[in-house]
Amino acid sequence: MIDFTLTENDKAQLARTRAEALICRKYAREYEEREELPPDELPERKEFLASVEVVPEPGPDDSPRPVMMALHAMGMYWGDYSIRLKQTGGGLGNAALTAAGTKEQQEKWGHLTLSMAITEPGCGSDPSMVQCTAELDGDEWVINGEKIFVTTGIRAQGAVIWATIDKSAGRAGIKSFLVERGTPGFEVPYKEKKLGIRSDDTAVYLFKDCRIPRENLLGLNEEIPKKSSGGFRGVMKTFNMTRPMTAAMGLGLAEAALDFTREQLEEAGFEIDYGAGLGTLPAAVEKFIRLEAIFEASVLDTLQCVWLAGQGKPNNMESSVCKAHAGSAVRVITQGCIEILGPMGASREHLLEKWMRDCRITDIYEGTGEIQRLIIARGMLEYTRAELS
Amino acid sequence: MISFGLSEEQEIVRDTLKEFADEAMRPIARDCDEEASIPQDFLDTVWELGLTSTQIPEEHGGGGESRSPVTNAILLEELGYGDASLAVAAMAPSAFANAIVDHGTEDQQKRLLPLFCTEKFHAASLAVAEPGAVFDALKPRTLAEPKGDGFVLSGVKSFVPLGDRASHFLVVAANGEGLDAFIVPREAGGLRISGPEKNLGLRGLTTVSLELERVEVPQADRLGGQAGCDVRNLLAGSRAALCAVMVGLSRGVVAECVPYAKDRVAFGEAIAKKQSIAFRLAEMHIETESMRWLTWKAASFVEKGLDAVKPAHLARSYAAEKCMWIADNGVQVFGGHGYIRDNPVEMWFRNARTLGVLEGMIGV
């Protein structure tokens, strides 16, 4: 039955996440300026976790797990982006391992934090242009190439990388490999300097004749599919849960921006009356309510997408819809909040300007807004990649 | 528990109404618009579906199904996909009847609900909108002054659907402290009905204006009786209903644009293969989806008896803007053909602008 309310247990769980997120928010500015991840052992947080009552496990009448995952992600990022920490456990590479690795491979590496290295200096949205190569030499793959923008790249204990085993095969030649940190020839020369999400360790990877065992090919399938993109699809499957989660993360930041703006408006004496007609609302309030509507719309897209996942229903199209929508929504919302508050919004005295910079990544990583729109349009028009790109 | 799942019954309603929209609405929509009238046949056919009587209690002659604003939102989307004018005409009596079911006193229910449980289409309408600039539904200029045990209504209402044949009107007025809704029979003294109005969109639908010149209404005809009722939530339900029609309209635009864009060739390829068009279609799809969830949320708040003012306002603010944007771009995708009345997009463009500024009319 269609329902948009949370159960008492749902609320208790989310309240806990948000209380913890607020503690981490206190450290947000400090670690952003240091461009470092906060440590796990923030003293207050430790106390909080020790003091907090254990919330009962969700039951069959509570919201489905994927829905709660998205709401928890929103709650965490509502605290601040830098709350990421190790809370989320693995990196993107772990999702790829789960999607594409064999059972043995998952058992062997599942406990590691794994980054995902796809992007290269000359290849972003179109991964079929991957230049990084993997050549079979005896029982080893020899990896050569450069990867950039690797999220959690410094602290990851291993990386899932995309490399081509046959450049002439185009997309079909691309395979995923697992490379553990410390493997000779795998260097991490520096951390990227970014507009936002500065506490995140985004790294550059260099592979110079880096040798890994033959069994490190995820899925162990060395064949190059003749037709279109068999192997490639397996890799792309990763995104059906990660896209809505990325959307939820960005929306958490947007919600923080809206909450801050609402508080400031109210403090300045503006009443936010959802019943009032256009003729009676001050422009600042009217603008705020519009931003809130965009937020609400985007959150519901995301929840619908993860709800489908919980039902075991396909959500490929929806994952692009919610990611595309959140990507543009968070830009409009955070930039709009600063517009409403004026110079105050642009001051680094407050976190609002940081949230605007942080959430700008939402429309870029995990497939840009343009890529999502291509996927949606192809679905609507029943076009192949070749027909619409 | 958060869920986007339709009940089995809701799925049946959706599928039935989708078929009805394709077979009974879309084929006649253009003629209704051109002729500014809706055939009685259509109203009688729609009446047979029982959309109005189903949720009226059995004791008053109805189907006795529990009131479900969410189900109504789902079916209104399908009707809106069929045609906005016909959708509003089909559901205008429901808005009146459901207001009586939800807020009416026992006496009001007993007197009025049986009217909607007969075999022939029966019209009665909400009268909310007013002709003045920057209309605010929560601050109507129509006033209800207390007089003796009753009230005296003065003011002007516009966009009253099916006002040419409605037996009763539910008139929203300011009572000095807040809002009230009054049941006003067609033959009430001091009520002048003029029309049909000539409007930008929803041309098929006959709308009228009501001039209320000191219309006397007994306490018994104040909706909810002595206690009155929560008119804000009633208006929220109307907004959710209008949103549902806008979702359907938007979906119709997208469905029309996709085959056209694939078919229309310019500079050696289908225009759908150009990102400028393809991205616009993707955007239309995204917004249509969002509008639907916002609408469901507002309807679900009404259904659960929660304060629906905020979700309904957010849904309306969003849907009105995006539906207009979608219809506007629908015209653009069709280019010159979109400007010609042979194609439906120009009609949807006019309907989108009209729906987005209306209040009242229908409910969930």
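In the largest nonpolar core, which has 193 residues, B:Ala240 and B:Val245 touch the most other members. A nonpolar core is here a set of buried Ala, Val, Leu, Ile, Met, Phe, Trp, Tyr and Cys residues joined through C-beta atoms within 7 Å. A residue is buried if 20 or more other C-beta atoms lie within 10 Å of its own, exposed if 12 or fewer, and partly exposed in between, with C-beta atoms placed from the backbone. Helix H6 of chain B (residues 231–263) gives the most to this core, with 18 residues. A second, separate core has 37 residues, among them A:Leu97, A:Ala100, A:Ile174 and A:Phe207. In soluble globular proteins, nonpolar side chains tend to be buried together.

The model is predicted: local features need pLDDT of at least 70 and side-chain atom pairs count only at pLDDT 80 or more, while totals for chains, interfaces and linings use all residues. Residues are numbered from 1 along each chain as its sequence is written, and chains are lettered from A and ligands numbered from 1 in the order in which they are written. The model scores ipTM 0.95 and pTM 0.93. Chain B averages a pLDDT of 96, and 100% of its residues score at least 70; pLDDT is the predictor's confidence in each residue, from 0 to 100.

**Chain B**

Chain B contains nine helices and nine strands. Helices (H or I, at least four residues) and strands (E, at least two) are DSSP runs, numbered from the N terminus. Along the principal axes, the C-alpha atoms of chain B fill a box of roughly 75 × 40 × 40 Å. The radius of gyration of chain B is 20 Å, which agrees with the value near 21 Å that a compact globule of 364 residues would have. That radius is taken over C-alpha atoms, and the globule rule is 2.2 Å times the number of residues to the power 0.38. Of the 364 residues of chain B, 57% count as buried. Among contacts in chain B with a separation of 6 or more, 75% are accounted for by residues 24 or more positions apart. Two residues are in contact if their C-beta atoms, placed from the backbone, lie within 7 Å.

With neighbours within four places in sequence left aside, B:Val245 is in contact with B:Leu76, B:Leu79, B:Gly80, B:Ala84, B:Ala87, B:Val88 and B:Leu355. B:Leu358 is found in the segment after helix H9 (345–357) of chain B. B:Leu358 counts as buried because it has 26 C-beta neighbours inside 10 Å. Leaving aside neighbours within four places in sequence, its contacts are B:Ala129, B:Phe159 and B:Leu242. B:His337 is 21 residues from B:Leu358 along the chain, and their C-alpha atoms are separated by 28 Å.

**Contacts between chains and domains**

Between the chains, 37 residues of chain B are in contact with 38 residues of chain A. On the side of chain B that touches chain A, the elements giving two or more residues are H6, helix H7 (275–304) and helix H8 (309–334) of chain B. H7(B) contributes the largest share of that side, 13 residues. The residues on this side of chain B comprise 21 nonpolar, eight polar and eight charged. Ala, Val, Leu, Ile, Met, Phe, Trp, Tyr, Cys and Pro count as nonpolar, Asp, Glu, Lys and Arg as charged, and the others, Gly among them, as polar.

Chain A is assigned domain 1 (8–84), domain 2 (101–231) and domain 3 (239–381); such bounds come from an automatic or database domain assignment. The C-alpha centres of domain 1 and domain 3 of chain A lie 20 Å apart. Their contact takes 17 residues from domain 1 of chain A and 18 residues from domain 3 of chain A. On the domain 1 side, helix H2 (28–34) and helix H4 (65–79) of chain A each supply at least two residues. H4(A) gives the largest share of that side, 11 residues. The domain 1 side divides into 12 nonpolar, one polar and four charged residues.

**Backbone features**

Most residues other than glycine have a negative phi, and most peptide bonds are trans. The peptide bond from B:Gly195 to B:Pro196 is cis, with omega near 5°. B:Pro196 is found in the loop between strand S6 (191–194) and strand S7 (207–217) of chain B.
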